[in-house]
Amino acid sequence: MRRRITIPLVATGAVVSALAVAAPAQAHGYVSGPPSRQALCAQGRVPDCGQIRYEPQSVEGPKGLRSCHAGIAQFAVLNDDSRGWPATSVGSSVTFTWTNTARHATSNWEYFIGGTRVAVFNGGGQQPGATVSHTVNLGGWSGRQKVLAVWNIADTANAFYSCVDLQVGGGGNPSPTPSPTPPAPSPTPTPTAAPTTPPAPGGTWTAGRAYQVGDQVTYGGATYRCRQAHTAIPGWEPPHVPALWTQV
């Protein structure tokens, strides 16, 4: 007699592992006053800066670096001390102002001269404003100095870097908080024929409002057209920032 043998089938489950990828920081910022090297490039005060002229806020790299260009090859000009960067004359107390074109939770801000940290300001993990100012005592320093300012982001491994050239004790008073320096507009393509009906003005210029390329506003009795998308802040009034607005 034949015996029938039944062999049970065992289902084997596949184990799937998920790989979590950290998203890059959405924050961007740079020291606009006293003007950092990238701010000087954006203003056109230092020629032949390359791409950094159009995005001074983008010098982002891993935390812990001590370079002006965050190790980014296309921004290497910022690390070139032979370029003859203009130095701002200041007293022993200097107010540094950051312009934050996108804001992110902050660990802290640090300021270095050489290998010495001369100041640190706690960000408390909070989102900063559109501009942030810190007053740093440089009483122990004199002559020409290069200050490395670092904005450490709280929830990523990255930081933003700005180098500022100063002439400490050069007869200047403590530097006032300046108007932020907007980045120069990127080169525009060849324009097409203008529409037969121009767009209607977008009302009076207002700080805190987001503007897109082509938007029109009035300010001081004149009409201006937006050249570069941005969110307006005090100090970026149309007559003061031709990089962002052109008078119609």
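**View 1. Arg 117 sits in strand E6 of this predicted model.** Strand E6 covers residues 116-122; strands here are DSSP runs (E, at least two residues) and helices are too (H or I, at least four), numbered from the N terminus. With a relative accessibility of 44%, Arg 117 counts as partly exposed, the class between buried (under 20% relative accessible area) and exposed (over 50%), using a 1.4 Å probe and protein chains only. Setting aside neighbours within four places in sequence, Arg 117 is in contact with Glu 110, Tyr 111 and Phe 112; contact means heavy atoms within 4.5 Å. Val 147 is 30 residues away along the chain, and its C-alpha atom is 9.6 Å from that of Arg 117.

As this is a predicted model, local features need pLDDT of at least 70 and side-chain atom pairs count only at pLDDT 80 or more, while totals for chains, interfaces and linings use all residues. Residues are numbered from 1 along each chain as its sequence is written, and side-chain values use heavy atoms, with hydrogens and water left out.

View 2. Look for Pro 34 in the loop between strand E1 (28-33) and helix H1 (37-43).

**View 3. Asp 48 and Ala 70 have positive phi values without being glycines.** For Asp 48, phi is about 55°; this residue is in the loop between H1 and strand E2 (60-62). Asp 48 is exposed, with a relative accessible area of 71%. Ala 70 has phi near 60° and belongs to the loop between E2 and strand E3 (88-90). Ala 70 is buried, at 6% relative accessible area.

**View 4. The largest pocket lies between domain 1 (28-168) and domain 2 (209-247).** Both domains give residues to the lining, so that's where the pocket ends up; the domain bounds come from an automatic or database assignment. A pocket is an open set of points on a 1 Å grid over the protein atoms alone, where a 1.4 Å probe fits, with protein on both sides within 12 Å along at least five of seven lines; lining residues have an atom within 4 Å of a point. There are 18 lining residues, and Asn 100, Thr 101, His 230, Thr 231 and Trp 236 lie nearest the centre. Strand E4 (93-102) and strand E13 (230-231) each supply at least two lining residues, and E4 gives the largest share, 4 residues.
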